[in-house]
Amino acid sequence: MATEKVIGIDLGTTNSCVAIVEDGTPVVIPNRGGYKTTPSMVAIAENGKRLVGHIAKRQAITNAENTVFAAKRLIGRKWGSAAVRTSIETMPFRIVEGPHDDVRIVLRDQVFSIPEISAYILQEMKMIAEEYLGEEVQKAVITVPAYFNDGQRQATKDAGRVSGLDVIRIINEPTAAALAYGFGRNVERKVAVYDLGGGTFDISILEIGNGVFEVISTAGDTFLGGEDFDRRVIDWLVFNFQRDNKIDLRKDKMALQRLKDVAEKAKCELSSVRETEINLPFIISTGRNEALHLQTTLTRDKLEELTADLVDRTIDICAKTLEEAELGKGDIEDVILVGGMTRMPRVQQAVAEFFGLEPCKGVHPDEVVALGAAIQGAALVDEKSDILLLDVTPHSLGIMIVGGYFHKLIEQNTTVPTSKSHVFTTVKDNQTSVKILVLQGESERAEENELLGEFVLTGLRRATRGEVEIEVTFHISADGIVSVKARDLETGQEQSITVTATSGLTEDEIRKMIDANKDYMVEVRSGQEFEKARHAAERVLDEVEQLFPKVSEIISGSDFGQDAVKKARGVVERARAAIAARDLPGLTEATEALTRTLNMFRGVVSKTRG
Amino acid sequence: MTPPRAAIAAMPARPAVASAPAGPAAASAPARPAAASAPARPAAGKPAPASDDAPTTERDPAPPRGGRATVQVLDDGALDADERAALAEDVEIDVDDRRRIFAMERRVAAGDPLAMLGVTDASDKKAIKRAYFVLSKEFHPDRYYGKRLGTFALRLAHLFDALAKAYATLTEDAPRRRGTTPSDAASRPPSPADYAAELFDRACQAEVSGDLAGALRLFASALRVDAPARYLRRASRCAMAAGEAGLALEYARKAATLEPSDPSTSRVLAAAFKAAGKLEQAEEVLVMAVMIPIENDQLMHELQADLADLRRRAGQ
Ligand SMILES: Nc1ncnc2c1ncn2[C@@H]1O[C@H](COP(=O)(O)OP(=O)(O)O)[C@@H](O)[C@H]1O
Ligand SMILES: [Mg+2]
């Protein structure tokens with residue numbers, strides 16, 4: 001039986017690309033126009049027709065309000081999030097609030113969800129593949145930025161489903177790039193993937209060997225990409241124009257769209273030439289029916305100056321990622337450049353300088369991600385495949401504990417599938433139920449993380465706080481699906497959820513939830529260990545106290561002896577204080593000192609006797 | 001392209017389960033997938049040199065090429081009831097692969113990360129990684145993507161998780177391994193205490209020659225195997241010299257737990273507290289130490305000198 005065909009789709013912020021493995025060779029599938037990438041744009045034309053890709057891009061200037069681009073920036077986001085706020089200000093199309101605190105886009109009075117918009121793009125990619133292959137395609141692997149959280153991944157999966165695709169796996173873009181890079185060659189090395197696209201920046205470190213691709217570490221910034229470079233150019237143009245003509249071009253949507261186009265065009269041109277003309281005739285008309293033109297020259301040097309901090313930011317993130325992976329720059333044996341922005345000479349130079357090696361050539365920055373997705377697709381369905389991708393969780397996972405803190409069970413960058421358990425206890429006397437809030441993120445404070453889901457475990461035995469033990473187990477499957485189980489260790493009763501979507505709560509709402517539920521929380525069980533430590537401490541303490549009068553009588557005669565009595569008293573007090581504060585590390589330390597004290601006491605006593 | 005899995009399985013380099021170093025525990029340990037969370041370290045006997053000569057049941061059932069001796073396998077008595085049931089399960093994993101999964105589960109249940117990956121204490125990081133990658137390819141659930149897996153879905157997930165954790169455990173101690181080259185393996189003495197002593201000697205040599213970082217690595221290796229107060233004191237001093245105050249204190253505290261009334265230990269502990277900026281505790285240790293009657297005047301004198309020195313410094 002021939003194995004089923006699986007396409008790989010790089011669903012980009014700016015451009016999308018589709019690929020497939022044919023007879024063991026991964027190839028990019030060109031669209032009808034012969035282009036290997038398709039703009040991630042969706043528009044509704046005046047006649048109500050839906051336009052996707054190049055056609056949508058071509059009419060964007062004249063139909064800016066009904067043309068959606070960079071929808072990926074909004075996918076899986078909450079209405080109240082900063083990402084959405086900025087988009088509302090900068091996007092020419094109408095963004096409104098959806099019923100689930102999500103985001104909707106209005107095009108010619110029709111309301112679309114973001115997954116719907118993405119689904120149109122995916123549908124287009126599916127069609128491109130089907131025309132090329134001459135058969136229907138069902139299955140796909142879709143890539144997302146490494147930094148996408150669970151909600152964004154889920155929304156991307158939803159988009160796939162809406163488009164009629166069975167999304168068999170979501171993988172990270174940089175991972176896909178490494179797969180394409182390492183495919184068919186027997187390399188054994190650590191590589192860095194530097195991906196600067198239209199809207200996001202990602203850096204990942206992978207270990208390749210023997211057909212296995214292991215992600216060691218991954219990080220990035222979902223708000224750093226080519227559009228930011230474009231915006232710098234636009235700002236510069238607008239500023240100069242305002243200075244010369246006292247007119248703010250931003251006020252005119254049409255002008256702004258044209259500015260965006262020329263800015264990006266100029267930026268791309270400056271990757272191959274040193275300076276370029278920017279020409280926008282009739283950019284705006286003054287009140288007196290008089291048209292103004294915009295005409296200027298932008299040099300590569302000026303562009304580099306305008307965007308220097310953006311490039312620096314990417315390098316800072318690289319440095320941080322290496323540090324987190326406990327690697328030095330010298331450990332990286334190859335750097336793979338991904339994303340259209342890496343065509344900019346200054347970017348290449350900065351990367352080469354930082355890693356101290358020339359980025360590897362020969363992998364096409366626009367195609368490599370889709371190729372990798374196709375390779376992973378083939379590897380999954382083909383039994384004879386000798387490729388394995390070991391992916392990691394991009395964010396830490398855990399639960400909220402008393403005080404609104406986040407207790408991590410699974411650390412960021414843990415290889416999946418994985419599971420982890422931890423025992424928690426009740427926080428109140430006679431607490432009969434606990435609420436488990438499942439969170440994702442890196443912050444210590446629960447409300448600063450993403451809430452993935454919640455459930456309640458009831459029917460606990462009435463007991464004093466800290467007595468009832470609840471074991472919480474996290475499991476992440478190979479395809480990244482998170483399930484969480486809580487078990488009453490006494491009764492064996494349990495409750496679990498499979499995290500499927502974000503609840504769409506804002507930080508504020510989570511904070512309110514924390515307040516409302518503070519009586520149902522759990523806390524980390526340090527109790528048992530503490531009790532053990534306390535027993536041990538108290539045993540030593542008793543003996544020290546017993547000997548105290550006798551010892552002080554023997555030794556107080558000398559200066560050294562008086563010092564020793566004072567110190568011993570200090571140690572006893574320290575141990576008492578640690579017990580009262582239930583301070584485990586403090587008590588451990590104090591017990592050590594107590595033991596030394598006791599030894600000294602015994603020595604003193606036995607010496608006098610003998 | 002690389003050959004298909006069957007071919008890889010035949011390669012000698014592969015730390016295949018069939019030729020794995022399997023302790024006696026492996027044969028009797030119940031193959032519980034839940035053992036994925038088994039303790040990272042074996043209880044005793046480290047470093048257990050990988051023994052290839054322990055004939056176990058895992059080795060026997062290797063079926064003749066092409067032959068699928070399912071019934072024979074069930075009869076050989078090596079499988080427990082749980083495994084027998086799993087062999088009879090209607091899943092899309094062939095029988096040999098299932099047997100491998102059982103064998104791997106036993107290795108995991110034994111709890112030794114070295115044995116799990118089929119490497120030895122002398123293996124370097126690269127060798128460990130290779131072993132991990134090869135085993136991952138065999139036991140990662142993705143190998144059976146889209147197949148009907150029944151109870152094996154969970155078995156594989158747990159197995160892989162255990163492998164990944166073993167790999168993490170072994171490679172987190174990377175400095176330790178960098179110090180030992182594969183050539184040391186041949187000359188490694190059999191008893192853990194002897195082995196630790198040898199490592200300790202080499203650490204002292206490194207320290208004397210001025211390679212403090214190398215010395216600390218070797219001390220860490222030695223202490224992992226055997227940790228008498230004497231080693232701990234020396235290691236603590238070395239850590240202080242290298243500016244690793246936290247590590248120095250950790251070693252000194254351990255030494256003091258072992259020998260609380262030993263004056264040398266007290267001196268080291270006080271010095272470590274001092275290096276960590278905990279002057280009060282340093283003083284406390286010395287004040288008590290001078291009260292403990294000892295025979296050795298010289299040592300007593302040194303303790304008092306330390307105390308005077310500490311007070312002079314604290315006074316400044
Ligand atoms: N030659 C070039 N020089 C500089 N930037 C370029 C060039 N070609 C494309 N880009 C920029 O790359 C970005 C798109 O990169 P791409 O990898 O397609 O993004 P995404 O993955 O986000 O869809 C855009 O901002 C585009 O302007
Ligand atoms: Mg991209």
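Keep in mind that the model is predicted. Chain A and chain B bury about 4,100 Å² between them, and the protein covers 88% of the accessible area that ligand 1 has on its own.

**Where chain B meets chain A**

- Each side puts in 46 residues: 46 from chain B and 46 from chain A.
- Of the roughly 4,100 Å² buried between the two chains, 59% is on carbon and sulfur atoms.
- Three residues to look up here are B:Y145, B:M288 and B:M291, which supply 17% of the area that chain B buries against chain A, more than any other three residues.

**Charged and polar pairs across the interface**

- Ten salt bridges turn up between chain B and chain A.
- In one salt bridge, the side chain of B:R253 meets that of A:E592, with 2.7 Å from N to O.
- As for polar contacts, 17 residue pairs are counted between chain B and chain A, with both residues at pLDDT 80 or more.

**What the chain B side is built from**

- Several helices of chain B each supply at least two residues to the side that touches chain A, among them α1 (5-10), α7 (125-139), α8 (152-172) and α14 (245-258).
- Helices α15 (263-275), α16 (279-291) and α17 (297-315) of chain B also supply at least two residues each.
- The largest share comes from α16(B), with nine residues.
- Sorted by class, the side of chain B that touches chain A has 25 nonpolar, 14 charged and seven polar residues.

**A look at B:L258**

- B:L258 sits in helix α14 of chain B.
- Leaving aside residues up to four places away in sequence, B:L258 touches B:A227, B:P228, B:A229 and B:L232.
- B:L258 and B:L232 are 26 residues apart along the chain, and their C-alpha atoms are separated by 9.8 Å.

**Around ligand 1**

- There are 16 residues around ligand 1, and A:T14, A:G198, A:E264, A:K267 and A:S271 come nearest.
- A backbone N or O atom of A:T14 lies 2.8 Å from an oxygen atom of ligand 1.
- For A:G198, a polar backbone atom is 2.8 Å from a ligand 1 oxygen.
- A:T13 has a polar backbone atom 3.0 Å from an oxygen of ligand 1.
- On its own, ligand 1 has 580 Å² of accessible area, and the protein covers 88% of that.
- Helix α7 (residues 253-269) of chain A gives the largest share of the shell around ligand 1, three residues.
- By class, that shell has eleven polar, three charged and two nonpolar residues.

Notes:
Residues are numbered from 1 along each chain as its sequence is written. Chains are lettered from A and ligands numbered from 1 in the order in which they are written. This is a predicted model: local features need pLDDT of at least 70, side-chain atom pairs count only at pLDDT 80 or more; totals for chains, interfaces and linings use all residues. Side-chain values use heavy atoms; hydrogens and water are left out. Contact means heavy atoms within 4.5 Å. Buried area is the accessible area (1.4 Å probe) that two parts lose on being put together, summed over both. A salt bridge is a side-chain nitrogen of Lys or Arg within 4 Å of a carboxyl oxygen of Asp or Glu. A polar contact is a pair of N or O atoms within 3.5 Å; within protein, one must be able to donate a hydrogen and the other to accept it, and residues adjacent in sequence count only if both atoms are side-chain atoms. Helices (H or I, at least four residues) and strands (E, at least two) are DSSP runs, numbered from the N terminus. Ala, Val, Leu, Ile, Met, Phe, Trp, Tyr, Cys and Pro count as nonpolar, Asp, Glu, Lys and Arg as charged, and the others, Gly among them, as polar. A residue is near a molecule or strand if one of its heavy atoms lies within 4 Å of it. Accessible areas come from the Shrake-Rupley method with a 1.4 Å probe; for residues, only the protein chains shown count as cover.
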